[in-house]
Amino acid sequence: MAKLVYLLTIIMSLTMPLLLPLCGQCEAAAAATSCRHAGAGAAAAGKRRRRRAQVEGMFVFGSSVVDNGNNNFLNGSGVRADYLPYGVDFPLGPSGRFSNGRNVIDALGELLGLPGLVPPFADPRTRGRAAALRGVNFASGGSGILDNTGKLTGEVVSLRQQIRNFEAVTLPDLRAQPRGAAATAGNHRIRRQDSFQRCYLSKCLFVIGTGGNDYLLNYFNPGKNGTEGGPALPDFTRSLITKLSDHLQRLYGLGARKFVIFSIQPTGCTPVVRAFLNITGAACIEPVNDAVALFNSELRRLVVDGARSRMPAARLAYIDSYKIIKDMLDHPAKHGVRETGRACCEMSRRSSGVLCKKRGPVCRDRTEYVFFDGLHPTDAVNARIARKGYGSSSPEHAYPINVKKLAML
């Protein structure tokens, strides 16, 4: 374990993280009637679009696995993907997504029928726009559940600050927009907070993808974060779950009712961790995976048991990215995968084997690779996680319900 901590300290001292119907059914008949009246002005123009979209919007919080460009606007960030070969298969090119194409949020949004990409909060063009009614992405590569996670990589936006941004900036913007989450016509304004919460926020998804960095940049890197001689793994994990629960309750207090929570991915199998520990072949670094698995187990329990008492009106879906990716790593032929251990792109020496080299070469067939860079999955893997989370009937993938069923509630 000492060797593991030492080597991971070297890696992470320079690196980036893993991570990771408008009026439908209101809570009372009177409230439902109020919603229908408020949305009447936009009904005709938005009818077809609302029919396609299964949720009003999607608000995203977390780390690099779900960041879609917020770090592009942080001058002090060392965790950026705004250059080729990132985005080589993405219509907009390099956008800040840590992938050759889509991240899991993009793929999930397509399955939900959202009319466009969820915009990043930090982009000035997102502020005050009606487009924000379809959701906003607040995630920041390098961040974690702990406030100090990611400081080693430069400037990041902590999960706490992401939620503050939602509360202080986006919520007022949303309340000022014309009535209707897909409003393209009509001059109705949101007048009442209770109507706004029941008829809009409660019909949106709040997606959380975080936690991996709290292990790579804190637990396995104690000296750099001033936590030398810190708590044992079980205690550290319980503390993380408690803090994450507090963050979820904060969102709940702001009106969130439908949550999608992604597990931490199998960090011990990523190319950068394996390379620095001189592991070859198909082996993964089990001490890292064991820590991640413990967190995921506690997170799954929180989704079902903990949230029930603290957020009685909330519904949550836990998406097991760990098992979905691990199955691809363990049975590559079944999924059309050829390479499970190496990154698709050539790695940058400056990033200690985490980020792609700027304008460096990439593998020809990205669909045959699990990892695009040293930590993050390819577009094909992100699409598979989204599909399983959205529509799988197996509790091994989505628990206790999948995203499709959650959207219908």
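A residue is called buried when its relative accessible area is under 20%, exposed when that area is over 50%, and partly exposed in between. This definition is needed throughout the account that follows. The structure shown above is a predicted model.

The account may begin with helix H11, which spans residues 321–330. How many of its 10 residues are buried? The helix is mostly covered, with 7 of the 10 buried. These buried residues are Ser321, Tyr322, Ile324, Ile325, Lys326, Met328 and Leu329. The elements that cover them include strand E3 (258–262), helix H10, strand E4 (315–319), strands E5 and E6, and helix H12 (379–391).

One of these covering elements, H12, deserves a separate description. Two packed helices are described by the angle between their axes and the distance between the axes. For H11 and H12, the axes come within 10 Å and cross at roughly 130 degrees. An angle of this size makes H11 oblique to H12, and H11 passes H12 in a right-handed crossing. On the side of H11, the residues that meet H12 are Ser321, Ile324, Ile325, Asp327 and Met328; their counterparts in H12 are Val381, Arg384, Ile385 and Lys388. Sorted by class, this contact has 5 nonpolar, 1 polar and 3 charged residues.

Two further covering elements of H11 are the strands E5 and E6. Strand E5 comprises residues 339–343 and is itself mostly covered, since 4 of its 5 residues are buried. E5 pairs with strand E6 (residues 369–371) in the parallel sense, over 2 bridges. Within this pair, Glu339 stands opposite Tyr369 in E6.

Strands of a sheet pair through backbone hydrogen bonds, either parallel or antiparallel. Here an open sheet of 5 strands has the order E1-E2-E3-E4-E7, and its pairing is mixed. Which strands form the edges? They are E1 and E7, each of which pairs on one side only.

The sheet can be followed from E1 onwards. E1 and E2 are joined in the parallel sense by 5 bridges, and Gly62 stands opposite Gly209 in E2. Strand E2, residues 205–209, has 5 of its 5 residues buried. Both of its faces are covered: on one side lie Leu205, Val207 and Gly209, and on the other Phe206 and Ile208, all of them buried. E2 in turn runs parallel to E3, with 4 bridges between them; Ile208 stands opposite Ile261 in E3. The next pair, E3 and E4, is likewise parallel and is joined by 5 bridges. In this pair, the bridge partner of Val260 is Ala317 in E4.

Is Leu316 buried or exposed? Its relative accessible area is 7%, and it is therefore buried. Leaving out residues up to four places away in sequence, Leu316 touches Phe259, Ile261, Val303, Ala307, Met311, Tyr399, Pro400, Ile401 and Leu406. As for Ile261, which is 55 residues apart from Leu316 along the chain, the C-alpha atoms of the two are separated by 7.3 Å.

Ser95 lies in the loop between strand E1 (58–62) and helix H4 (104–111). Because its relative accessible area is 16%, Ser95 counts as buried. Apart from neighbours within four places in sequence, Ser95 is in contact with Asn68, Gly69, Asn72, Ala81 and Phe90. Pro395, by contrast, lies in the loop between H12 and strand E7 (398–399), and is partly exposed because its relative accessible area is 43%.

The axes of helix H8 (residues 233–253) and helix H10 (residues 286–310) come within 10 Å and cross at roughly 40 degrees. The two helices are therefore oblique to each other, and H8 passes H10 in a right-handed crossing. In H8, the residues of this contact include Leu233, Leu240, Leu244 and Tyr252, while those in H10 include Ala291, Phe295, Leu299 and Arg310. The residues of the contact divide into 12 nonpolar, 3 polar and 2 charged.

Terms used:
Residues are numbered from 1 along each chain as its sequence is written. This is a predicted model: local features need pLDDT of at least 70, side-chain atom pairs count only at pLDDT 80 or more; totals for chains, interfaces and linings use all residues. Side-chain values use heavy atoms; hydrogens and water are left out. Buried means under 20% relative accessible area, exposed over 50%, partly exposed in between (1.4 Å probe, protein chains only). Two strands pair if DSSP finds at least two bridges between them. Contact means heavy atoms within 4.5 Å. Axes are lines fitted to C-alpha atoms, for helices over the stretch in contact, and angles run from 0 to 180 degrees between N-to-C directions. Angles under 35 degrees count as roughly parallel, over 145 as roughly antiparallel, 65 to 115 as roughly perpendicular and the rest as oblique. A crossing is left-handed if the near helix is turned anticlockwise from the far one by less than a right angle, and right-handed if clockwise. Ala, Val, Leu, Ile, Met, Phe, Trp, Tyr, Cys and Pro count as nonpolar, Asp, Glu, Lys and Arg as charged, and the others, Gly among them, as polar.
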